[in-house]
Amino acid sequence: MRRSLFDDDHEAFRESFRRFLDAEVVPHQEQWERDGIVPRELFATAGKSGFLGMDIPEEYGGGGVADFRFNAVIAEEVMRCGAAAAGLGLTLHNDICLPYFLAYCNDEQKRRWLPGIASGELITAIAMTEPGIGSDLASMSTTAIRDGDHYVVNGAKTFITNGINADLVITAVKTDPSQKHKGMSLLVIERGMPGFERGRNLDKLGQHAQDTAELSFTDVRVPVANLLGPEEGQGFTQLVTNLPQERLSIAIAGVA
């Protein structure tokens with residue numbers, strides 16, 4: 001019986017994405033499980049096919065449709081074909097990371113990042129969890145100290161999904177280490193910034209094709225222009241505003 005949640009556009013999208021999975025993902029799953037990672041090309045192929053950044057405005061190369069039901073279709077179809085590990089990177093990119101860029105980027109940042117996010121050229125991740133404290137955000141120790149037009153970032157993150165493949169890492173930092181929640185900000189740390197290193201691609205009980213990494217930051221100079229939001233100290237509010245959609249995405253996959 002057809003569910004009333006989805007209309008004809010969603011079902012057409014489902015059929016298209018199902019064909020994409022059957023052609024581009026299913027034949028390679030066993031190899032990717034052995035490799036412990038999916039190739040970056042998967043994101044580019046998904047972007048070219050219209051399966052990334054559906055709600056990014058068309059002027060930046062996205063679909064221009066803010067309808068989370070399309071995201072739900074992707075999650076359901078990924079689970080249907082048994083590609084949870086390979087598909088998790090795509091759903092994290094669309095469901096969990098993208099909302100921060102849409103909500104908190106200024107116009108310059110949108111021009112700089114959104115086209116690559118839509119095309120799959122720029123793969124995204126979000127880094128909150130730290131060694132020893134887990135997801136206790138108020139107690140995190142990664143700092144970003146202002147130095148002129150840059151922040152100097154020091155610290156470490158762990159269990160970061162897309163951690164090896166990511167080009168843009170939304171990183172929770174303390175811009176005011178004397179504060180707890182009020183001292184937290186979000187910085188976008190980019191691939192290739194000196195001092196930004198990736199550690200182990202962590203071995204896990206399951207979802208082996210999903211790269212889950214340790215990240216370290218040693219005197220990484222990040223431009224102030226990479227701060228998400230108009231001012232420091234907004235990170236905790238930004239996170240708690242967006243985490244419900246992350247939970248929804250996980251729930252959809254859990255019952256699909």
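The protein is assigned domain 1 (8-122 + 245-255) and domain 2 (124-233), with bounds from an automatic or database domain assignment. The contact (heavy atoms within 4.5 Å) takes 27 residues from domain 1 and 26 residues from domain 2. This is a predicted model, in which local features need pLDDT of at least 70 and side-chain atom pairs count only at pLDDT 80 or more, while totals for chains, interfaces and linings use all residues. Residues are numbered from 1 along each chain as its sequence is written, and side-chain values use heavy atoms, leaving out hydrogens and water.

| Domain 1 and domain 2 | Value |
|---|---|
| Separation of centres, over C-alpha atoms | 22 Å |
| Area buried between them | about 2,300 Å² |
| Share of that area from carbon and sulfur atoms | 61% |
| Salt bridges across the interface | 2 |

Buried area is the accessible area (1.4 Å probe) that two parts lose on being put together, summed over both. A salt bridge has a side-chain nitrogen of Lys or Arg within 4 Å of a carboxyl oxygen of Asp or Glu.

The largest pocket has a volume of about 620 Å³. A pocket is an open set of points on a 1 Å grid over the protein atoms alone, where a 1.4 Å probe fits, with protein on both sides within 12 Å along at least five of seven lines; lining residues have an atom within 4 Å of a point. Of its 27 lining residues, L92, I96, T161, E246 and I250 are the closest to the centre. Both domain 1 and domain 2 give the lining at least three residues each.

Technical notes. Grid points are joined across faces, edges and corners, and a volume is the space filled by probe spheres set on the points.
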